[in-house]
Amino acid sequence: MEGLIRQATEHKLQLHQRLAVLQRMHEGPAIEQLESDTSVQLRELFSLCQRLRNQLANATLSRREQLKAQVDNLHDEYQDLQGAYKTHLSKRAQTARQQREHEELLAADVAPVDSTTLFIEDSELDHHDALQNSNRGVDGVLAQASGILSDLAEQRDVLKRIQRRMLDIGNQLGLSNTLMRLIEQRTQQDKYILFGGMVASLVIMALIYFNFA
């Protein structure tokens with residue numbers, strides 16, 4: 001089982017690196033290839049976790065609990081990585097959809113209307129361009145705010161898993177009650193930070209919307 005655990009750990013570390021690179025990349029063939037490789041490696045990590053669970057019954061009683069904790073930890077890591085990858089795909093799809101809708105809107109604005117020539121004064125044209133720039137700015141801010149809220153929600157789920165994992169490890173290692181209370185207090189503080197960030201994002205979105213409006 002040690003060999004399988006080493007393989008799963010290597011997959012986990014490589015997936016962390018791939019996801020970090022994906023977050024910095026833009027559209028193009030390179031990101032599509034990296035997404036394909038990431039999807040394949042996620043499936044391989046899941047397969048390794050399943051094989052490890054099946055082999056737990058063959059381990060000796062003295063080592064079974066320790067191995068089970070390692071396998072559970074790897075499975076939790078897999079779930080976190082899978083959630084982060086799905087969030088990345090969702091953000092990229094949303095960005096592509098917004099860009100497509102924006103291009104369609106621009107194409108509709110410049111399309112001819114029954115061969116009728118429209119004469120627009122320079123001041124009106126400038127005003128029209130300013131409104132379009134404002135709309136693009138608001139769309140960008142809303143997309144960024146949506147991404148921030150999604151990241152905060154994902155971090156909240158990760159913190160919950162970490163708390164559960166620490167409680168399990170604490171029960172196995174016999175950690176003191178004081179340390180466990182400190183962990184719970186830190187989790188509570190992170191929850192306040194999460195809700196504070198969500199409220200701040202909503203306030204910023206409202207301010208930007210009313211300024212542009």
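Predicted model: local features only at pLDDT ≥ 70, side-chain atom pairs only at ≥ 80, totals over all residues.
Modeller: Leu 207 sits in helix α5, which spans residues 177-212.

Colleague: Switching to charges. How many salt bridges does the structure hold?

Modeller: There are 4 salt bridges. One of them pairs Arg 18 with Asp 37, with the closest N and O atoms 3.9 Å apart. That pair links distant parts of the chain, since Arg 18 is in helix α1 (residues 2-24) and Asp 37 is in helix α2 (residues 29-55), 19 residues apart.

Colleague: What does Glu 35 pair with?

Modeller: Glu 35 forms a salt bridge with Arg 92, at 2.6 Å from N to O. This pair also links distant parts of the chain: Glu 35 lies in helix α2 and Arg 92 in helix α3 (residues 61-110), 57 residues apart. Glu 35 counts as buried because its relative accessible area is 8%, and the cut-off for buried is under 20%.

Colleague: And Asp 72 with Lys 68, how many residues apart are they?

Modeller: They are 4 residues apart in helix α3, so about one helical turn separates them. Asp 72 is partly exposed at 22% relative accessible area, and Lys 68 is partly exposed at 37%.

Colleague: Which residues are in one network with those two?

Modeller: Arg 53 is joined with Lys 68 and Asp 72 by salt bridges that share partners.

Note on methods
Residues numbered from 1 in each chain as written. Heavy atoms only, no water. Helix = DSSP H or I, 4+ residues; strand = E, 2+ residues; numbered from the N terminus. Salt bridge = Lys/Arg side-chain N within 4 Å of Asp/Glu carboxyl O. Buried < 20%, exposed > 50% of the residue type's maximum accessible area, 1.4 Å probe, protein only.
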